[in-house]
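Please find my notes on this model below. They go point by point and can be checked against the coordinates.

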Amino acid sequence: MLELLREIERKMPWVPVILVTDRGRSVACLPNRMRVFALVRFADLQTQLQPRIETARRTAALWHLAEAVRRSTLPPALRRALVRSLRQAGSRPFRNVAELANAVRCAPVTLFQQFRQAAAEPATLNRLLGALVILRAHQLRDLGLGWKAVGARLGFHRSTLNRKARTWPGCTLTELERIGADQLVAAFATEYVGPLLR
């Protein structure tokens with residue numbers, strides 16, 4: 001199994017892997033750097049596999065973007081930070097630049113400066129992170145959670161989510177529900193990631 005996971009990671013690093021295992025089997029034997037998108041126990045297969053597949057399907061586009069950023073010529077600190085933020089957006093997006101900078105062991109001012117030099121106005125790293133929060137919020141809402149539960153899951157009050165949605169993509173949470181996931185991810189890629197990779 002480990003060899004197969006290594007092969008997938010080497011040849012298709014953007015593919016989210018869902019590992020299905022039995023309760024007694026420990027995943028502690030997985031190398032630390034090996035990425036597994038989700039873990040589902042055999043006992044939870046009926047209730048957990050389909051939601052995990054849906055989440056992976058919706059997150060796969062962000063993993064593709066992360067891979068494009070990883071191969072880019074962006075400054076190393078910014079590249080690491082963007083890859084980390086894109087990959088983590090499918091679970092719990094970073095709340096702000098300070099949190100992201102801490103995760104990648106870099107000074108926030110370095111990330112701010114490198115992003116400003118690489119991005120087109122009016123994009124900022126804070127706005128990009130806010131857009132990732134909105135993508136995840138939209139995903140959770142599509143899975144059936146109410147906005148209050150979505151906010152609680154992401155660590156934001158509903159009013160903060162509403163404010164972030166007004167910043168990007170420029171609508172209320174109610175209007176956000178009517179936007180398709182693919183359309184939203186495409187808009188994110190065009191507005192935030194595309195200009196960085198030109």
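1. Overall make-up. This is a predicted model. The protein chain has 10 helices and two strands. Along the sequence the pattern reads α-β-β-α-α-α-α-α-α-α-α-α. Of the 198 residues in the protein chain, 43% are buried. Take the contacts between residues at least 6 apart in sequence: 53% of them join residues at least 24 apart.

2. Helix H6 by itself. H6 covers residues 125–142. Its 18 residues should span 26 Å at 1.5 Å a residue, and the end C-alpha atoms are 26 Å apart, so the two values agree. H6 is mostly covered, with 14 of its 18 residues buried. Gly144 follows H6 and has a positive phi, near 105°.

3. H6 against H10. Two packed helices are described by the angle between their axes and the distance between the axes. H10 covers residues 181–197, and its axis comes within 11 Å of the H6 axis. The two axes cross at roughly 165°. The limit for roughly antiparallel is over 145 degrees, and H6 and H10 are therefore roughly antiparallel to each other. The crossing is left-handed. H6 contributes Arg127, Leu128, Ala131, Leu132, Leu135, His138 and Asp142 to the contact. H10 contributes Ala181, Leu184, Val185, Phe188, Tyr192 and Leu196. By class, this contact has 10 nonpolar residues, one polar and two charged.

4. H6 against H8. How do the axes of H6 and H8 cross? They come within 9 Å, at roughly 115°. That makes H6 roughly perpendicular to H8. H6 passes H8 in a left-handed crossing. On the H6 side the contact is made by Arg127, Gly130, Val133, Ile134 and Ala137. On the H8 side it is made by Leu161, Lys164, Ala165 and Thr167. The classes here are five nonpolar, two polar and two charged. Arg127 is listed in this contact, and Arg127 is also listed in the contact of H6 with H10.

5. H2 against H3. H3 covers residues 76–88, and the axes of H2 and H3 come within 8 Å. They cross at roughly 170°. H2 and H3 are therefore roughly antiparallel to each other. From H2, the contact takes in Leu62, Trp63, Leu65, Ala66, Glu67, Val69 and Arg70. From H3, it takes in Arg79, Leu82, Val83, Leu86 and Arg87. The residues divide into eight nonpolar, no polar and four charged.

6. Leu62. This residue is found in helix H2, which covers residues 45–70. Is Leu62 buried or exposed? With a relative accessible area of 5%, Leu62 is buried. Leaving aside neighbours within four places in sequence, Leu62 is in contact with Leu86, Ala89, Leu132, Leu135 and Phe188. Leu132 and Leu135 belong to the H6 side of the H6–H10 contact, and Phe188 to the H10 side. Leu62 and Ala186 are 124 residues apart in sequence, but 9.9 Å apart in space, C-alpha to C-alpha.

7. Leu49. H2 also holds Leu49. Its relative accessibility is 25%, so Leu49 counts as partly exposed. Neighbours within four places in sequence aside, Leu49 is in contact with Ile18, Val20, Val40 and Asp44. Leu49 and Leu39 are 10 residues apart in sequence and 9.0 Å apart in space, C-alpha to C-alpha.

8. The cis peptide bond. Please look at the bond from Trp168 to Pro169. The model has this bond as cis, with omega near 15°. Pro169 sits in the loop between helix H8 (158–167) and helix H9 (173–176).

9. Arg105. The phi of Arg105 is near 55°, a positive value in a residue other than glycine. Where is Arg105? The residue lies in the loop between helix H4 (97–103) and helix H5 (108–118). At 78% relative accessibility, Arg105 counts as exposed.

Conventions. Residues are numbered from 1 along each chain as its sequence is written. This is a predicted model: local features need pLDDT of at least 70, side-chain atom pairs count only at pLDDT 80 or more; totals for chains, interfaces and linings use all residues. Side-chain values use heavy atoms; hydrogens and water are left out. Axes are lines fitted to C-alpha atoms, for helices over the stretch in contact, and angles run from 0 to 180 degrees between N-to-C directions. Helices (H or I, at least four residues) and strands (E, at least two) are DSSP runs, numbered from the N terminus. Angles under 35 degrees count as roughly parallel, over 145 as roughly antiparallel, 65 to 115 as roughly perpendicular and the rest as oblique. A crossing is left-handed if the near helix is turned anticlockwise from the far one by less than a right angle, and right-handed if clockwise. Contact means heavy atoms within 4.5 Å. Ala, Val, Leu, Ile, Met, Phe, Trp, Tyr, Cys and Pro count as nonpolar, Asp, Glu, Lys and Arg as charged, and the others, Gly among them, as polar. The expected span of a helix is 1.5 Å times one less than its number of residues. Buried means under 20% relative accessible area, exposed over 50%, partly exposed in between (1.4 Å probe, protein chains only).
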